[in-house]
Amino acid sequence: MKIIETKEYSDPSLFDLFLLADPSRAMIERYIREGHTFVGMHEDRVIAAIVLSFTASDVVEIKNVAVLPEQQGKGIGSLLIRFAIEWAQKNGSRSIVIGTGNSSLTQLSLYQKLGFRMDHIIKDFFTDNYAEPIVENGLLCRDMVVLTRDLQQANVPMTMIP
């Protein structure tokens, strides 16, 4: 997979991809224009995408990471997050953060395997900011769990188990 930066914000297929990870088009429109959008290409086809944004001069936030359903489970999300970590390091960041729902069990596991640590919870983030309820894994998605990875600490392990 080749990862490239894009400015094609109006591409409907890109929005469809981001809607897989975030059901709010308004939220996506808000952060996609402010951040850096990278797409994962395979044979001239977009199969994944990630949005990175500086929340401070030395902190990068992963705003959205999405993989086409037929490509999920192949390690593409992990590759995008590893790319984001390297990109943040190259751009002088001291840390990288990502937020996900309390009900996003697969994502919570993946991020921790990639060296992220739980930092804090934003209570009622999803119930306060999304018009429709989000249900995953039989759980109401209410709170945002924010995870951080320190980029200045040498050799933070990524404990991905094959």
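Leaving aside its neighbours within four places in sequence, which residues is L52 in contact with? Counting heavy atoms within 4.5 Å as contact, L52 meets G35, H36, F38, V60, E61, I62, A84 and W87. Bear in mind that this is a predicted model, where local features need pLDDT of at least 70, side-chain atom pairs count only at pLDDT 80 or more, and totals for chains, interfaces and linings use all residues. Residues are numbered from 1 along each chain as its sequence is written, and side-chain values use heavy atoms, with hydrogens and water left out.

L52 also belongs to the largest nonpolar core, a set of 46 residues in which F18, I50, L52, I62, I96 and F116 have the most contacts. Such a core joins buried Ala, Val, Leu, Ile, Met, Phe, Trp, Tyr and Cys residues through side-chain atoms within 4.5 Å, buried being under 20% relative accessible area with a 1.4 Å probe, protein chains only. Helix α3 (residues 76–90) supplies the largest share of this core, seven residues. Helices here are DSSP runs of H or I with at least four residues, strands are E runs of at least two, and both are numbered from the N terminus.

Now look at helix α2, residues 25–32, where M27, I28, Y31 and I32 are buried. These four sit on the same side of α2, because they cover an arc of only 120° around the axis, taking directions from the axis to the C-beta atoms. The buried residues of α2 pack against α1 (12–19), β2 (36–42), β3 (45–56), β4 (59–67) and α5 (125–129).

Definitions and conventions: Buried < 20%, exposed > 50% of the residue type's maximum accessible area, 1.4 Å probe, protein only.
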